[in-house]
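Subject: Structure for your review

Dear colleague,

My notes on a pocket and on some helix contacts follow it.

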Amino acid sequence: MPSLRDIRRRIRSIKSTAQITKAMQMVAAAKMRKAQQAALAGRPYAAAMNRMLAELLPTVTDFTHPLMEERPAGKRCVLLVSTDKGLCGALNSTLFREAIKFDPHQTVFIAAGRKAAQFLARARRTLLAEFSYKDNPQFAEARAISRFLQEGFLRGDFHRVDVLFMNFISTLVQRPELLPLLPLGEIRSVSADHTGADLGTELLKGATEFLFEPGAERVLGALLPHYINFRVYQVLLEAKASEHSARMVAMKNATENANQLVKDLTLQYNKLRQAGITKELLEIATAQMALS
C-alpha cells in the first residue's frame, strides 16, 4: 500500500500535468478557431472553381491536356498528409490504418508532415519526398507539393495521384478521406459548403456557350494547374483544422482525467490519514488504560 508521502507526491505530479494539458488545450483552441475559419473560407472558392470546370470542359470537345491523360498501368502515388506533432488523439493512427492498406509494391508515397514520414519509414514503404507546412498553411507550400506531383505525373513516374488526409467535419469529428487528384478525369460538381450554398450554379446558370480569349487551350491550360494547386492547398487547410480540433479535444479529455485522478487520490489520502489518526488515538487510549 502506498504511503501518505507517495500519494502526496503523485497528487503534486498529476496537478502539474493537468496545468500543462490545460495550457495546451487553450493554445489548441485558439489555433483551432483560426484553422477552422481558414478551411471554411476556402470551401466556397474550391466549389465554385469545381463547378466552373465541370461546366466548361464538356463544351470544349477538342481540348486535351497532359494532366487529363488516362494511363493504363504504372505506380500509384499517394500524398499522405499528417501532423508534425503528436498529442492529437487517434488522428494520425486512424489515418495510417488507411495508408497501410495500399499495395506496397504498386504504391509510392509523398509525405506532408513529419509524422507521415516517420510512419512510412517504420512501415518500410517507398517515400519519394517529404514536405512540411506551417500551422497557417501558405499557398506557396501547397504549390510546391502540387508542382512535385504534377512533374512526376507528366514524366510518367506514376500513372495516378491520390491524396489521403483527415477531412474536417466538425470539432469532434474528423474522417480519413481519399481524394483523387490526377489525372483530371470527370470533374464533378460539389456543394460550396455545409450550409447548402450553391455558388457555382449561380455563376454559370443558363450558360450554353462560352467564348475564350485568347483561346480555350491557353485559358484551360493555365487554369488546370491552378485548380490542382488550390485543391492541395484546401487539403492542407482541412488537415490543419482537423489536427487542432483533435488536439484540443485530446487535451481537454486529458485535463479532465487528471482532475478526476487527483480527486480519487485525495480521497484515498484522506482515508489513509483518517485511519492513521484513528490508530494513534486507539494507541493513546490503550496506553492510558494500561497506566490506570
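A pocket, as the word is used here, is an open set of points on a 1 Å grid, over the protein atoms alone, with protein on both sides within 12 Å along at least five of seven lines. Please keep in mind that this is a predicted model.

The second largest pocket has a volume of about 240 Å³, and of the 14 residues that line this pocket, Lys31, Lys85, Asp135, His244 and Arg247 are the closest to its centre. Two or more lining residues come from each of helix H1 (4–56) and H6. By class, the lining of the second largest pocket comprises eight charged, four nonpolar and two polar residues.

H1 and H6 also meet each other: their axes come within 5 Å and cross at roughly 160 degrees, and the two helices are therefore roughly antiparallel. Their crossing is left-handed, and the contact of H1 with H6 has 34 nonpolar, 13 polar and 11 charged residues.

Helix H6 (residues 216–291) is also approached by helix H4 (residues 139–155), with axes that come within 8 Å and cross at roughly 120 degrees, so that H4 and H6 are oblique to each other. The crossing of H4 and H6 is right-handed. On the H4 side the contact is made by Phe139, Ala142, Arg143, Ile145, Ser146 and Gln150, while H6 contributes residues including Pro225, His226, Phe230 and Tyr233. The residues of this contact divide into nine nonpolar, four polar and one charged.

Kind regards

Technical notes. Residues numbered from 1 in each chain as written. Predicted model: local features only at pLDDT ≥ 70, side-chain atom pairs only at ≥ 80, totals over all residues. Heavy atoms only, no water. Axes fitted to C-alpha atoms, helices over the stretch in contact; angles between N-to-C directions. Helix = DSSP H or I, 4+ residues; strand = E, 2+ residues; numbered from the N terminus. Parallel < 35°, antiparallel > 145°, perpendicular 65-115°, else oblique. Left-handed = near helix turned anticlockwise from the far one by under 90°. Contact = heavy atoms within 4.5 Å. Nonpolar A, V, L, I, M, F, W, Y, C, P; charged D, E, K, R; others polar. 1 Å grid on protein atoms, 1.4 Å probe; cavity = no way out; pocket = protein on both sides within 12 Å on 5 of 7 lines; lining within 4 Å. Points joined across faces, edges and corners; volume = space filled by probe spheres on them.
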